[in-house]
Amino acid sequence: MAGMTMEEAQARVTCRREITKRLKEQVIGRLMLPLEPDEIAEDSPLFGSGLGLDSVDALEIVVAVESEFGVEITDEDMQAFRSINTVVDFIEAKQQEKQEEKPV
Amino acid sequence: MLNLENQVVIITGSSRGIGRAIALTFATHGCRVALNHTQVGKDIDQTRSQLEAIGADYRIFRGSVADSGFVGAMTKAVVDEWGQVDVLINNAGINRDKPAMLLSEGDWDAVVDTNLKGAFLCSKAVIKPMIQQHSGRIINISSMTAVAGREGQSNYGAAKAGMIGMTKCMARELGPYNILVNALIVGLIDTMMTKKLPRSIHADLKKIIPLGRIGEPQEVANACLFLASDLSTYITGSTINCSGGGYM
């Protein structure tokens, strides 16, 4: 976070925390997982060994991210869907891109 | 009972034959229909004027289902305009019949690209909106050639058999989202495609069809109507024969 003021850094952390919370709520709600948001480790794999989700669940998560965060996901973006953290990184990057595209 | 009023239905390859009959049938039942075609000419003009005549809410797109860019743009236009996609009917198909020994790589690719890859690309494009809706129907128009074989159609048969495998895989993937995926195994139907077959084959085929006649495009459209409607809410991953008993 080089070049940021303390306030900007703080705002970014708060924003990331908010995205993480909303993402976890979407995953839990859409897949009806018997978990609380805090019980999902942000770095553990979403699929296979971690949360144990399968490729069918992936469809739901992709659609959830698109509609909840207003970002478009292409085939190439699928590599971002590894953990909560990597998905949050992806959402942040996409939202950043959108901000930059907006005419001043 | 059918509950199809205002449903948004995409029918590929609908400038004539079976596709046209399907488009008109769904439009008659109050659906909004989106069609695609590749060639300009009297076929699509006739389809357009027939849709106009029944006061249909329709959109026509020109492009190939084997072109992912076109398919993406068509689907986006439909969703942007109508806000949903309820039914996709993968009907677009071509044939280039030749014995395998004489079949060129180009003949193979053209038929597999349109008939199989096209169905995949269109399905892929509608899956996201259908998951959002938690409902949808995908109907794949396969052929008797896929399951019974026919001389001179190894490319067509392979593509149509591929559609059946794809139907079953997608039915499993998409069942949890209430998206039902089925295939119709269509027999000999009175269309331009079958008119090209030699007379002798027509006579032989009539002999082996228990109903003793070639089918009408409308009869295929009726089967699609059933698979898209509330009458078939517990049917997915299935192949329904619409072949007059020619295949069973």
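A contact is a pair of residues with heavy atoms within 4.5 Å of each other. By this criterion, among contacts in chain A between residues at least 6 apart in sequence, 51% join residues at least 24 apart. The model shown in the following figures is predicted.

**Figure 1. Overall view of chain A, with 3 helices and 0 strands.** From the N terminus on, the order of elements in chain A is α-α-α. The C-alpha trace of chain A extends over about 40 × 30 × 20 Å along its principal axes. Chain A comprises 104 residues, of which 37% count as buried.

**Figure 2. The interface between chain B and chain A, with a buried area of about 820 Å².** Carbon and sulfur atoms contribute 55% of this area. Of the area that chain B buries against chain A, 59% is supplied by Lys128(B), Gln132(B) and Tyr177(B), more than by any other three residues. In terms of contacts, 9 residues of chain B meet 11 residues of chain A.

Figure 3. In one salt bridge, Lys124(B) is paired with Asp75(A), and the closest N and O atoms are 2.7 Å apart. On the side of chain B that touches chain A, the elements giving two or more residues are α4 (105–133) and α6 (154–174) of chain B. The largest contribution to this side comes from α4(B), with 4 residues. By residue class, the side of chain B that touches chain A consists of 4 nonpolar, 2 polar and 3 charged residues.

**Figure 4. The aromatic pair of Phe81(A) and Phe90(A).** Over all chains, the rule gives a count of 1 aromatic pair. The ring centres of Phe81(A) and Phe90(A) lie 6.1 Å apart and the ring planes meet at 55°, so the arrangement is classed as tilted. An angle over 60 degrees would be needed for an edge-to-face pair, and one under 30 degrees for a stacked pair. Both Phe81(A) and Phe90(A) are buried.

**Figure 5. The salt bridge of Lys21(A) and Glu25(A) within one helix.** The structure holds 17 salt bridges over all chains. In the one shown here, the closest N and O atoms of Lys21(A) and Glu25(A) are 3.3 Å apart. Both residues belong to helix α1 of chain A, where a separation of 4 residues corresponds to about one turn of the helix. Lys21(A) is partly exposed, at 46% relative accessible area. Glu25(A) is likewise partly exposed, at 38%.

**Figure 6. The salt bridge of Asp77(A) and Lys94(A), joining distant parts of the chain.** The N to O distance between the two side chains is 3.7 Å. Asp77(A) is located in the loop between α2 and α3 (84–101) of chain A, whereas Lys94(A) is in helix α3 of chain A, and the two are 17 residues apart. Asp77(A) has a relative accessibility of 15% and therefore counts as buried, the limit being under 20%.

**Figure 7. A salt-bridge network in chain A and a salt bridge in chain B.** In chain A, a network of salt bridges links Arg16(A), Asp89(A) and Glu92(A). In chain B, the side chains of Arg59(B) and Asp57(B) form a salt bridge with an N to O distance of 3.3 Å. Arg59(B) is partly exposed, with 27% relative accessibility. Asp57(B) also counts as partly exposed, with 33%.

**Figure 8. Positive phi angles at Met32(A) and Asn6(B).** Most residues other than glycine have a negative phi. Met32(A), which is not a glycine, has a positive phi of about 50°. Met32(A) belongs to the loop between α1 (6–31) and α2 (55–69) of chain A. The relative accessibility of Met32(A) is 71%, so this residue counts as exposed. Asn6(B), also not a glycine, has a positive phi of about 70°. Asn6(B) is part of the segment before β1 (8–11) of chain B. With a relative accessible area of 44%, Asn6(B) is partly exposed.

Notes:
Residues numbered from 1 in each chain as written. Chains lettered and ligands numbered in written order. Predicted model: local features only at pLDDT ≥ 70, side-chain atom pairs only at ≥ 80, totals over all residues. Heavy atoms only, no water. Buried area = accessible area lost by both parts, 1.4 Å probe. Salt bridge = Lys/Arg side-chain N within 4 Å of Asp/Glu carboxyl O. Nonpolar A, V, L, I, M, F, W, Y, C, P; charged D, E, K, R; others polar. Buried < 20%, exposed > 50% of the residue type's maximum accessible area, 1.4 Å probe, protein only. Phe/Tyr/Trp six-rings, centres within 6.5 Å; stacked < 30°, edge-to-face > 60°.
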